[in-house]
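Subject: Structure handover

Hi,

As promised, I am passing the structure over to you.

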Amino acid sequence: MQEGSKIKERIKSSNIGNILRKGKHRLERYKSRILPKGADALRLAYAGYYTNCNVDDTMILYEAYAGRGMLCSPYAIFKMFQKRSDFNSYKHVWVVEKSEQKIDLMKQYTQPNVRFVIRDSEEYCKCLCTAKFLINNLSFPNYFTKKDDQIYINTWHGIPLKTLGFDVPGGRITGLNTIRNFLSVDVFLSPNHFMTECFQHAFLLDGVYEGYIMESGMPRNDNLFHTDRKKVIQNLRRCGVEIDEAKKLILYAPTWKGKQYSNPDTSTELYFRLMEEVEKNVDTNEYQILVKPHQIVYKHIVEKGEKITNKFIPATIDTNEILSIVDILISDYSSIYFDYLASRKPILFYIPDLQDYQEQRGLYFGLDKLPGPITQNLEELGGLLKNLPAALAPYKEKYERERKWACGNDDGKVCERVIEKIIVQQDFSGLITCDHKSKKKILLYSGDLQPGKTRSDLENWINSLNYDKYDVTLIVPHTATENVLDWIRSVDSRVRVLRRTGKIAVTANNYKNADILEKELISEKEYKQDKKAELIELCKIEMRRTVGQIHFDYVMDFSGCSVYYQNLFSVLQGAEIVSMEQLQAMLK
């Protein structure tokens, strides 16, 4: 089958023609259009909904860990909403990963105002473009473009012990879509001042971010205060976990390990050895042990067919509900221990590979900050458990000090504060803001960054700029040689590097327009008024997708040869397109 026929068949089977139809446009016009090779049907669907659907002021979309389940802070906010008298005044849409989850959850939640959609489906695209409130603990797909009348609330998924964002070695290379998402967030929910500073500095939001940070506690920690023990145990049993209601629970909850987040180390040998050692050193008539692998690790364990047991807790069960019934936590450098501090119960740290992890990722805190006994040896861990009161005694003051700064705002009412202020009242007064006005903001496109004069000139300019006066955002290409990637890693840490991710979101009708933007300067070409308006609107949407709601003072294609970026930059409201001479003058 020829490429054009394949694409037309895909559009027909996925019903995209119906999605994109509006007004005078007829279905056959879309079905018959021959799209470029490699056209992404999902991106077409999203673009159609984005263009043609209005925002529903009563719809809330919840997403956690890319649809892993009803989890984390989005879940805690939803649970609190269920207790409110205005719950039925809103449409609640939950994003899930698989159709099996959707079917199971639909049986549990039969209210007409609660829906479930599968991530990266056409229905998901529509809800992503329609919901007034978007609540996520991670990030939306790279085709996501926030509308002006939507409110994006990012809860993130924990206080970091491990470095984040641009603080991560190589973070400029790997954190593409997260950084892009953050520039579109309206409100970050921060548990404490330390996390607020992480948002501001680790992600370089200071200088450009125009949204808000609500420092009011960790929503998911409400589950430590408002969870029914019997229901948690029933849920665990329903998922095949073996748990004795009469026994105290020891939980081993390590973070992910490996060189790449999306491809973690999935060996389960350590889990089994640790469980065996724990059971040798505690009274098994009183205690039981379960393992909660990191959610991304559990997914890969299942996919790879690794050895698993009914002592492993699935990634689809909310961690903080489990923590509410845990009596002793064993962890490593996972941020789960920050949440558990709110319980005031014992924490032990088993860290066999600390040095390796520090070299790979980096930590914000040294071992001296950990609020419990630390060991790199399983036998020593067993000894700590055997004489737990003596092992914990030296850490009482440190535990309380860490609890106060990390969980001082966690009083069981965090979700209620978020719902009332951000969703019901839509009141941003009194929230924390970043400094985005004291410096002039510059946006540059780098070009392909191949070794040569252009790259050398850019590097000299970056190294000579007065960063007390200017804030710099540099867009670099996604595809790059190792030489180029090394250059990106070495750029002055004060430069906000946005490595391009995703593609321009176009409808089937707009493919020709997208092609024009690559080849023709719309400011210098004669177009009919409606055609020019279409091209300008397409540029505006793509810039909104790329840099969110940020306003820049100066913009420039540093390469001087990218028609595409010159077109995009030309639509940025209030931004002056500068010449090389003007850029050089900024050095003085």
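Below are my notes on cavities and salt bridges.

Please keep in mind that this is a predicted model, and the values that follow are computed from it.

Cavities first. There are four cavities of 30 Å³ or more. The largest cavity holds about 100 Å³ of space. Its lining is made up of L176, R180, I475, L498, R499, R500, T501, R545, T546 and Y565. Helix 9 (176-182), strand 15 (496-499) and helix 24 (529-547) are the elements that each contribute two or more residues to that lining. Sorted by class, the lining of the largest cavity has four nonpolar, two polar and four charged residues.

The second largest cavity has about 50 Å³ of space. Around this cavity you will find A76, K79, M80, K83, D222, N223, H226 and C415. Helix 5 (residues 72-82) gives the largest share of this lining, with three residues. Here the classes come to three nonpolar, two polar and three charged residues.

One joins the side chains of R68 and E97, with N to O at 3.3 Å. R68 sits in the loop between strand 1 (56-63) and helix 5, and E97 in the loop between strand 2 (91-96) and helix 6 (99-108), so this pair ties together parts that are 29 residues apart in sequence. R68 counts as buried because its relative accessibility is 6%, under the 20% cut-off. E97, at 24% relative accessibility, counts as partly exposed.

Another pair is R84 and E420, whose closest N and O atoms are 3.0 Å apart. R84 is buried, with a relative accessible area of 14%, whereas E420 is partly exposed at 28% relative accessibility. R84 and E420 also belong to a network of salt bridges that links them with D86 and E416.

The last pair is D104 and R238, with the closest N and O atoms 3.2 Å apart. D104 lies in helix 6 and R238 in helix 11 (residues 229-238), distant parts of the chain that are 134 residues apart. Both residues are partly exposed: D104 has a relative accessible area of 31%, and R238 has one of 48%.

Happy to go through any of this with you.

Best wishes

Notes: Residues numbered from 1 in each chain as written. Predicted model: local features only at pLDDT ≥ 70, side-chain atom pairs only at ≥ 80, totals over all residues. Heavy atoms only, no water. 1 Å grid on protein atoms, 1.4 Å probe; cavity = no way out; pocket = protein on both sides within 12 Å on 5 of 7 lines; lining within 4 Å. Points joined across faces, edges and corners; volume = space filled by probe spheres on them. Helix = DSSP H or I, 4+ residues; strand = E, 2+ residues; numbered from the N terminus. Nonpolar A, V, L, I, M, F, W, Y, C, P; charged D, E, K, R; others polar. Salt bridge = Lys/Arg side-chain N within 4 Å of Asp/Glu carboxyl O. Buried < 20%, exposed > 50% of the residue type's maximum accessible area, 1.4 Å probe, protein only.
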